Amino acid sequence: MPLRTVLSRALAILVLSMLALTAPPRAAVAQDTLQPLLQQYAEELASPSRRSFGAVADALLADGRPGAADFLRRYEAREVVQRPEDGLFFYAEDAGDLVRLIDVDTGAAVADVSSRDVDQIRANAGVRRVIAAALVPFELNAPERARREAALDAISRSAEASQIAPLADSIAQEPDPDLKTRKERLFLLLTAQFGAERAERLEAIAALGGDTSIEARGVLNQLTATRTEVAPSLPESANIARVLTVGEDLTQAEAYADLVDAGLAEPAQTPSELRAVLAENIVDGRVGGVPVGRLSDPMARIEAYEALEDAGAVPPRAAPDEAAQAVAAHVFYDEYVLNDPEITTAAQDALDSTAQAIATYQMADLVLDGLSLASIFFLAAIGLAITFGVMGVINMAHGEFIMMGAYTGYVVQLFIPDYTISLLVALPLAFLVTFGAGVAMERAVIRHLYTRPLETLLATFGISIALQQLAKNIFGTQARPLTAPDWLGGAITFNDIVGISTIRVAIFVLALIFLGVLLYILKRTRLGLEVRAVTQNPGMAASMGINPDRINMLTFGLGSGIAGIAGVAIGLYAQVTSEMGASYIVQSFMTVVVGGVGNVWGTLAGASLIGFLQKGIEWFNPSNTLAAQTFMVLFVILFIQFRPKGIVALKGRAAGD
Amino acid sequence: MAKTTLAPRKGFLSENPSVLRFLGLLALFTIIISALAEGFGVGVISTSFLKVLGMTLCLCLIAVAMDVVWGYCGILSLGHFAFFGLGGYGIGMWLMYARTEGIVRESLANAPIPATEGEVRDAIATQIFSVVGSTELPFIWGFAHSLTLQLLLIVLVPGLLALVFGWLAFRSRVTGVYLSILTQAMTLALSLYLFQNDTGLRGNNGLSGLQNIPGLLHLPQSTIALWFFWASALALGLGYLLFAWLVSGKFGSVVRAIRDNESRVRFLGYHVESYKLVVFTATAIVSGIAGALYYPQAGIINPAEIAPITSIYLAVWVAIGGRGRLYGAVIGAATVSLLSSWFTGGGAPNINLGFYEIVWTDWWLVLLGLGFVAVTLFFPKGIGGLFDYLVRKP
């Protein structure tokens with residue numbers, strides 16, 4: 001505590017000296033001490049209220065006595081107490097069990113007293129906000145960057161006209177370039193909203209055009225806010241945004257509702273009101289002479305009502321064409337709330353130019369989203385591209401290998417608490433585990449079924465449900481966390497529209513690495529050569545001295561191992577459950593089939609197509625991802641009709657027809 | 001073979017004694033179960049178990065359809081449960097609409113002013129769709145008030161879907177694994193579509209309360225269960241007969257030839273696509289009918305029933321029972337689904353190994369999965385294949 005006191009005192013002196021340098025001359029002249037001034041406002045200070053405290057704070061600061069800002073700051077921090085005997089205010093500090101009172105002017109310790117002997121002043125949250133707002137001009141020039149930043153945050157939270165001047169003054173002295181640009185932008189925003197001079201204001205508004213930040217758009221939207229009005233004829237004085245056409249911009253019913261809201265028409269009778277009125281007027285089983293039994297017919301109801309109307313029992317009912325006539329007799333228009341055509345026009349122009357920039361950025365964001373989804377699909381499908389695409393084995397348990405990889409990551413995290421290290425351990429370990437599982441499966445089951453491809457589907461489906469249930473039995477049904485290290489936790493934001501989470505960038509990079517490694521293995525290594533040979537013609541390959549059994553085993557292991565690594569990557573951003581693999585399997589098969597079987601590039605193309613397509617469809621209707629998926633699948637079905645062999649189709653004998 | 005195809009179909013049953021045997025066994029089974037049932041007989045078989053048996057018969061029917069399309073025609077369709085589900089939705093719409101209508105009319109009967117048809121419809125729509133935040137009757141419910149039209153839809157919707165989908169797929173000569181994945185994609189698209197709240201079939205809430213048959217609410221469930229059991233048995237019998245007849249003649253020979261070598265059949269001048277389309281569509285329609293009988297017994301249908309995995313299960317049943325023989329499909333479906341409900345329903349005793357207790361509700365799927373693997377590896381002809389050994393021995 002004492003160290004903090006020393007520091008804060010030193011800071012106070014610093015602030016004061018800076019204030020002395022920059023504040024208007026009046027402040028420099030003021031020589032009086034603070035305590036007498038505080039006594040003037042003793043009552044308000046002792047029991048502060050949110051409503052009245054703004055005036056007190058302004059008065060204290062306006063007087064320009066040294067230490068006023070510091071006093072308010074410590075007041076805000078609840079460090080001020082009042083001594084009941086003489087009503088004097090002191091700063092309070094902890095001194096063991098006692099409270100040390102410190103003079104507000106000299107900074108000297110006055111006395112140590114029990115906390116019961118002084119009145120603690122408790123400024124509530126509302127009062128503290130008022131103080132923070134009042135202190136903003138002072139904080140703008142504070143020596144610490146954090147305090148200046150906090151002041152800027154306070155301004156952008158609650159902007160006021162009075163902040164323009166201190167903000168403008170503080171720009172020139174701002175040493176930090178980042179904060180300086182922020183101050184300049186904030187100054188523009190404030191001027192656009194509250195600028196006193198029209199020319200200045202218009203200039204600021206024009207400068208905001210093309211600025212895609214939420215604040216800038218918020219200010220412009222506020223300036224161009226409209227409300228829908230209705231009048232018998234277009235008023236001269238109003239600042240009209242546009243005239244609405246009934247039938248196009250709003251429906252007949254909406255227009256009539258507007259008329260009713262504006263008090264220009266009587267509300268139309270609803271069917272349920274009609275029924276209620278009729279029910280009230282039942283006489284001897286008849287309403288207006290119509291038997292109740294017939295009232296299940298809407299026409300009979302109107303007939304009954306009209307009979308009542310003729311008898312004078314109920315008020316006349318608006319005929320349907322009256323409503324239409326009333327709507328036709330009025331003009332509906334959007335009016336700017338701000339009645340200043342010059343400003344609204346400028347703001348609208350600025351908004352239009354912003355809209356273009358936004359469209360560009362949104363496109364960029366869409367591309368990023370599509371890219372990240374495509375890389376996830378690619379990761380999930382690339383293992384399958386090897387086992388299914390190259391070997392022709394339909395491995396329904398592929399999704400369970402993904403799950404197995406993710407659970408491996410989870411288990412590793414249980415033993416290694418450091419997320420970075422555990423991730424580095426988990427990736428190769430997941431590969432080894434699923435490689436082993438894949439090899440075991442190939443040896444035990446799949447090699448017996450190479451001649452019966454459709455039956456591998458059944459056998460591997462059996463393995464899939466068995467593995468899923470095993471995972472459920474071991475890890476339970478609830479989702480397990482696979483936590484990403486901190487350096488993967490954030491997001492890379494380019495501006496308020498374009499942004500992508502770091503984890504997705506990492507997945508993209510991982511997908512690229514996979515692509516490179518796989519291409520290298522298949523095209524540049526002995527193993528790859530043998531794999532391709534066995535794929536194309538096992539018999540010929542065998543006669544060349546290649547062992548097809550071994551190659552098949554290794555290929556299947558490789559595909560499964562890659563699924564395991566993909567599992568770790570997917571687990572980092574999605575939840576690890578026993579069913580996570582199953583949700584990828586159908587999409588993975590579609591990716592491989594759409595891309596073209598037997599080709600890594602094809603899988604890449606398929607994943608890109610499906611990923612971008614899904615994001616693209618989502619763009620039209622962002623709230624409904626299910627619909628996007630539905631349309632995406634429908635597209636895939638249609639696509640396969642026209643290119644049954646996929647995007648990248650093998651030609652010649654390798655196609656295996 | 002040529003002889004049988006030219007001969008008139010009079011001798012169909014006598015030439016295929018296995019069909020007659022199956023129908024006889026089915027009739028015997030139905031009579032015995034009915035005699036033991038609660039609603040009619042001595043009451044040894046509870047109503048809930050009778051429903052399980054009735055549902056199993058429906059599953060056997062779709063398995064027979066699946067066997068025709070896969071075991072005889074070689075199309076591994078992973079989409080037949082979608083047709084099954086569509087049939088279920090078809091009957092479910094009428095059941096739900098008519099029952100709600102009854103409730104609504106009853107509650108409006110006491111109103112001072114009789115309700116208009118429009119008001120009744122609005123009240124029904126609110127009752128059915130408030131769960132997905134809507135109060136309007138979607139246009140696909142336009143026929144839901146009429147049982148006849150809805151029954152027609154049960155045949156037409158799966159039939160047309162299969163016809164269009166099959167025409168597209170067979171025309172572009174998608175075969176083998178690709179066709180399987182394509183049908184799976186169709187199933188996925190349908191279930192994703194139904195999962196949406198705004199597509200008019202109550203999203204993932206599905207249709208519920210289907211066990212209450214409008215107009216028959218005064219009857220106890222034990223009686224209704226028995227009726228549905230009989231209907232299911234009759235449908236299975238007729239379906240079996242139809243498909244047995246279909247695959248026995250010349251048509252069946254061509255279909256099996258397509259399975260064995262499609263190109264060769266095409267070179268012989270047959271229009272392969274038409275044959276496939278007929279088989280695909282006919283089996284889809286039968287699947288829809290099976291679904292329409294199944295879901296009133298199950299009481300609820302939701303999009304999860306149509307998820308791609310259920311169609312794979314269907315293929316597995318047929319494989320376990322034995323492809324290419326219709327009774328094999330029946331055996332497979334009945335065995336696996338009855339075993340499933342026995343194990344997961346807690347009927348099977350848990351096994352205590354001392355250090356670990358095997359709880360079958362947790363371990364049944366593991367056993368089932370490994371069972372699939374074992375059957376595929378060691379009994380490629382399925383359980384039905386065992387009969388061959390029995391028949392040949394003497």
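In this predicted model, strands β2(A) and β3(A) form a hairpin with two residues between them. Gly96(A) sits in that turn and has a positive phi of about 65 degrees. The two strands, of which β3(A) covers residues 98–103, run antiparallel and are joined by six bridges. One of the pairings links Glu93(A) to Arg100(A), its bridge partner in β3(A).

Strand β2(A), residues 89–95, is also joined to β1(A), residues 80–82, by three bridges, again in an antiparallel arrangement. Here Val80(A) has Tyr91(A) of β2(A) as its bridge partner. β1(A) and β2(A) form a hairpin with six residues between them, and its turn contains Gly87(A), with a positive phi of about 75 degrees.

Chain A is divided into four parts: domain 1 (2–139), domain 2 (145–223), domain 3 (226–336) and domain 4 (360–605). The C-alpha centres of domain 2 of chain A and domain 3 of chain A are 49 Å apart.

The mean pLDDT of chain A is 81, with 93% of its residues at 70 or more. Residues 18–30 of chain A have pLDDT below 50, and this stretch makes 12 contacts in the model beyond near neighbours in sequence. Where pLDDT is low, the predicted coordinates should not be read in detail.

An unreviewed UniProt entry annotates "transmembrane region" in chain A at residues 371–394, 423–441, 497–522, 553–576, 588–613 and 625–642. In the model, residues 423–441 of chain A are 100% helix and 0% strand, with the end C-alpha atoms 26 Å apart. Residues 588–613 of chain A are 85% helix and 0% strand, and the end C-alpha atoms of this span lie 15 Å apart.

Chain B contains 16 helices and four strands. Its radius of gyration is 23 Å, close to the 21 Å that the globule rule gives for 394 residues, so chain B is as compact as a globular protein of that length. Along the principal axes, the C-alpha atoms of chain B fill a box of roughly 80 × 60 × 50 Å. Of the 394 residues of chain B, 44% count as buried. Among contacts in chain B between residues at least 6 apart in sequence, 77% join residues at least 24 apart.

Methods. Residues numbered from 1 in each chain as written. Chains lettered and ligands numbered in written order. Predicted model: local features only at pLDDT ≥ 70, side-chain atom pairs only at ≥ 80, totals over all residues. Domains from an automatic or database assignment. pLDDT = per-residue confidence, 0-100. Contact = placed C-beta atoms within 7 Å. Rg over C-alpha atoms; globule rule 2.2 N^0.38 Å. Buried ≥ 20, exposed ≤ 12 C-beta atoms within 10 Å, placed from the backbone. UniProt positions renumbered as here; feature names shortened; annotations may be inferred. Pairing = 2+ DSSP bridges.
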